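This report describes selected local features of one protein model. The sequence and structure are shown first.

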Amino acid sequence: MTGIYIHVPFCKRKCPYCDFYSVCRPDLYEDYTQAVCRNIEAFKGRDIKCDTIYFGGGTPSVLSAEQVDRIIDTAGKCFALCQPEITLEANPSSVDREKMSGWRKAGVTRLSFGVQSANDRELGFLGRLHDFSQAKSAVETAAQVGFRHISCDIMLGVKGQTLESLWDSIESLTALPVDHISAYMLKIEKGTAFDCDEMRNAVADDDMLCDMYLQTVGQLASKGFLQYEISNFAKEGGKSRHNLKYWHGEEYIGIGPSAHS
Ligand code: SF4
């Protein structure tokens, strides 16, 4: 069955390490929503069966519940949706109870939070707009409004991060009501604000990154989060079906300015 990936190209502010395409243009949220719906309508009548929708970014959580609802509703009219897993990537700084409750009612089944660390100094270095208490509260609220599938991202190799601080971050994240963790290694990308020798010398070297990665794999396994591909770990029943489509070479349709099919 096919998956649908919807790229939402907006962020409130650009993180200094990120080379994904995104712009800070709240004035375009509505035009973008209408354009996505028009793109989806082009598939009407082709009887394409879909079982996953993934809102990735950028920061999909800048969209309102009504805008997400409209996109899912349009998808429901143009594709044959079969008990879909619908994931939305969320930034802890752009969510609240009402919005998350609205996404849930719109059919979103899974939230993926870009937490990155439980250490506020590391979050500051990464230029994130949230601290850990905000991220914790966002995840707990998501669970309270009914999300049974919640993922958190964690970043390895951040300046000043140690094996101990990484350990503590994973302890904090796995204590939250989450069933999935994505662990990514910080990479200095060309053209980003971090693309300078000073930063290259400040972040973890390859040996340290390797130690961090292996520690992460072992620590998460001990908490019941089993690795199912390079960066992703899930409890029983928590694997991302959409994510697995990429690894299994299945079909997916990309919609939005930086998506491909
Ligand atoms: S919020 Fe995510 S997509 Fe946006 S700039 Fe930061 S890392 Fe990149």
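The expected span of a helix is 1.5 Å times one less than its number of residues; helices (H or I, at least four residues) and strands (E, at least two) are DSSP runs, numbered from the N terminus. This is a predicted model, in which local features need pLDDT of at least 70 and side-chain atom pairs count only at pLDDT 80 or more, while totals for chains, interfaces and linings use all residues. Residues are numbered from 1 along each chain as its sequence is written, and side-chain values use heavy atoms, without hydrogens and water.

Helix 1 (residues 29–41) has 13 residues and should therefore span 18 Å, in agreement with the 18 Å between its end C-alpha atoms. Its buried residues (under 20% relative accessible area, 1.4 Å probe, protein chains only) are Y29, Y32, T33, V36, C37 and I40. Seen down the helix axis, they fall within an arc of 135 degrees (taken from the directions from the axis to the C-beta atoms), so they line one face of helix 1. These residues pack against strand 1 (2–8), helix 2 (65–78) and strand 9 (252–255), contact being heavy atoms within 4.5 Å.

Of the eight residues of strand 5 (residues 149–156), seven are buried. Its pairings (at least two DSSP bridges between two strands) are tabulated below.

| Strand joined to strand 5 | Bridges | Direction |
|---|---|---|
| Strand 4 (residues 110–116) | five bridges | parallel |
| Strand 6 (residues 180–185) | six bridges | parallel |

L111 has I150 of strand 5 as its bridge partner, and D153 stands opposite S182 in strand 6.

Technical notes
Buried means under 20% relative accessible area, exposed over 50%, partly exposed in between (1.4 Å probe, protein chains only).
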